Structures are given as C-alpha cells and as structure tokens.
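Here is a short briefing on one protein chain. Look at the strands first, then the cores, then a pair of helices.

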Amino acid sequence: MSARIARAHIESAGHTCELRDASEFQSSAEVAELVTQKPPFEGALAIHLFKAGRLLLDIQVPFGVIFGGTDINEDVKVEQKRVVMEQVLLKARFAVAFTDKLKEEAEIFLLSQSSKVYVQPQGVKTEATENFCWSEFLKSSGVCREDVGEMRVFLLVCGLRKVKDPLYLVEVFSEWHRDNPMNVLVIVGPKIDPVLTEEVEAVAKRTAGVFLAQERSQKELHAAMKRCFALVNSSVSEGMSAAILEAMDLGVPVVARDIPGNAALVQHEVNGLLYSSPQEFVHQSQRLLSDGELRERVVRNGKLYVEERHGLTRERKTYQRLVETLHRA
C-alpha cells in the first residue's frame, strides 16, 4: 500500500494527514518531538513494522501499523529486529496485514494478539498519463530500434533492492533475446540500494536484450505497463505486490516468481502465470506468446480478480474505521 493512498483515505474522513518518510528521521526521539508540535498530533500510522514502526516507540499518542511484507517475511529472521517489531506491535492499537498468510506469519514470529491484527487486501487504482510516448520511453531506456511496435517488452517494475532480485532473470533472458531479438526486458523503478543499483546499471549496459529505464511517475509507469507485453515479478519476498495488481487492473498479463506473497494473488493459468526458475520463466513466457487463448484468459480473470477483491471503497472504509480507534481513550 502506498503512503499517498493511505493519506487520501484518512483525509477523506475529514482528518489532516502529514506524510513523512522514515528515512528523514535518525531516532524515535525526533518523531516524538514532531508529534508534540503545535497543533499537536492526535495519532500516527506507520507502514512497515520495523523501518517506520520503531520510530513510534517513544511517542505519547496512539498509533497503528501496516505490515509492509519484508518486515514479516524477512526482518523477523534477525533477532534484534524481531524484538523491536514485537515491542512496536504490543504498543500499537491495531495492525493491518494484506493477506491471511501475512497475519499467520506475524502470529508465529511475534507476540501479537490476534484480535489486534486486521486483514485488508490492498486497494488498487490505476491512472495512465495520456500524452505518454512509448517509443521515446524505450529509446531513453536504450532500446534503439525502428520497429518498436513489433517488439515484445517484458517490464520488470521494482525498486532496486536485494529483496526484489532484479538480476534474477537477466542471464537467461539475454540468451532468449539472442534467439528472439524482438523480446526485451526493461527494468524500471526507484534506485533504493546504491550498491545494487550500480550493479544493475553495469549489467544492463553489457547484457544484450536487458535495459534499465529511468524512474518514472506513477502515471507514466501505468502508461508504460499498458503498452508492455507482460509485467514481470522476480522478487525473493513480497507482502502484496502493488505492481502485479496494477498490471491486472490495466489488462496486462502477469508472469510472477512463485513465492507465497505472489501465489496469494496469482492463480497459475487462471489470472496470471507463475515460475520457480529462470528457465521456467522463459517457458511460461513462450506459452504467453504462442497461446492467444491463455493470454486472453489470464488478462480477463486478472481484471475481474482486482475488481472483486481489491477495490478502494472497502479499503477506505477499513482504514477510516481503524483511524477512528486512535481517538478513543
């Protein structure tokens, strides 16, 4: 869930919401000082139990937390982080998990009261910019061909950090590209991990058929997704991939790595395709290329899935109801 959507839900109920990035603060004391300024804050909401939640431990106003995914799937494996997250969860008035599986994992690894953790799938809203130029997007990414309309662009949308494993498919995709030059992989997303970003940039420069695009606005990204052949996910761990849900909503087929977070969204051959190795990724992608009926089916069912389970209205009501609990004594 994006912080912008959370803020929109909260403000639509008449509240004022100030959005801050956890990276702005060095300690929980700084956040404690922030919430006591005039006018004082009445409550707080953190997205990610460790990165943001730990900063709320010293505040004197009630707060809630939203699991990010990597906090429950990865950070709990580090005892020092797990202990901190346990403290955050015990002090929080409520917590939100995107899936039943994520809630179950939290209950296994953390001392959580089950009644405190609510399950609310992410809501989805897509909006593509109207004046988006596909050929210019590809050209600026390094794809220099005249026949861009005939190309099959596989778009890997992810922040450049280890958990997203952006280089997982690079070698096998490049081999596939050599046999089928019209198939290319374009990676796009924010540069979060500087060391990994440098590696991805270097690999993209020297690897045939693999390109790295500059980070784009959300509307531009949705426009690019609409034009691509398929949306790719190669993450090691996911809470609930917004990119997968957005692709489904935009009518784009999804080819996702078979991990618990993705398998909770993608039913293989029904509303998308799953793969468990780079070689299987190529196999599933080839099926998508050759089987028009399969492609139509996963696109149709993906769109229906999002409409039925990931609407913004239900999500908005849930967060408005939970935020109201922060006002109670």
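Two strands count as paired if DSSP finds at least two bridges between them. Keep that rule in mind for Gly 64, which stands opposite Phe 94 in β3. The model is predicted.

**The sheet**

- Four strands form an open sheet in the order β1-β2-β3-β4. Their pairing is parallel.
- The edge strands are β1 (44–47) and β4 (117–119). Each of these two pairs on one side only.
- Direction ignored, neighbouring strands of the sheet are turned by 20° against each other on average.
- Helix α14 (residues 312–325) packs on this sheet. Helix α14 touches β2, β3 (94–97) and β4. The direction of α14 makes about 160° with that of β3.

**Strand β2 and its partners**

- β1 and β2 (residues 63–66) run parallel and are joined by four bridges.
- Ala 44 has Phe 63 in β2 as its bridge partner. Leu 45 stands opposite Gly 64 in β2.
- On to β3: three bridges pair β2 with β3, again in the parallel sense.
- Are the residues on the two faces of β2 buried or exposed? Phe 63 and Val 65 lie on one side, Gly 64 and Ile 66 on the other, and all are buried. Both faces of β2 are therefore covered, since buried means under 20% relative accessible area.

**The nonpolar cores**

- The largest nonpolar core has 45 residues. Which of them touch the most other members? They are Phe 137, Leu 155 and Val 186.
- Helix α10 (residues 242–249) gives the most to this core, with five residues.
- Now follow Leu 155, leaving aside its neighbours within four places in sequence. Its contacts include Phe 137, Val 186 and Val 188. Also among them are Ala 224, Met 225, Cys 228, Ala 230, Leu 231 and Val 232.
- A second core is separate and has 29 residues. Phe 25, Ile 72, Leu 89 and Ala 106 are among them.

**Helices α12 and α13**

- Helix α12 (residues 278–290) packs against helix α13 (residues 292–309) at an angle of about 100°. Their axes are 5 Å apart.
- That angle makes α12 roughly perpendicular to α13, because 65 to 115 degrees counts as roughly perpendicular.
- From α12, the residues in the contact are Arg 287, Leu 288 and Ser 290. They meet Gly 292, Leu 294, Arg 295 and Val 298 in α13.
- By class, this contact of α12 with α13 has three nonpolar, two polar and two charged residues.

Definitions and conventions:
Residues are numbered from 1 along each chain as its sequence is written. This is a predicted model: local features need pLDDT of at least 70, side-chain atom pairs count only at pLDDT 80 or more; totals for chains, interfaces and linings use all residues. Side-chain values use heavy atoms; hydrogens and water are left out. Axes are lines fitted to C-alpha atoms, for helices over the stretch in contact, and angles run from 0 to 180 degrees between N-to-C directions. Angles under 35 degrees count as roughly parallel, over 145 as roughly antiparallel, 65 to 115 as roughly perpendicular and the rest as oblique. Contact means heavy atoms within 4.5 Å. Ala, Val, Leu, Ile, Met, Phe, Trp, Tyr, Cys and Pro count as nonpolar, Asp, Glu, Lys and Arg as charged, and the others, Gly among them, as polar. A nonpolar core is a set of buried Ala, Val, Leu, Ile, Met, Phe, Trp, Tyr and Cys residues joined through side-chain atoms within 4.5 Å. Buried means under 20% relative accessible area, exposed over 50%, partly exposed in between (1.4 Å probe, protein chains only).
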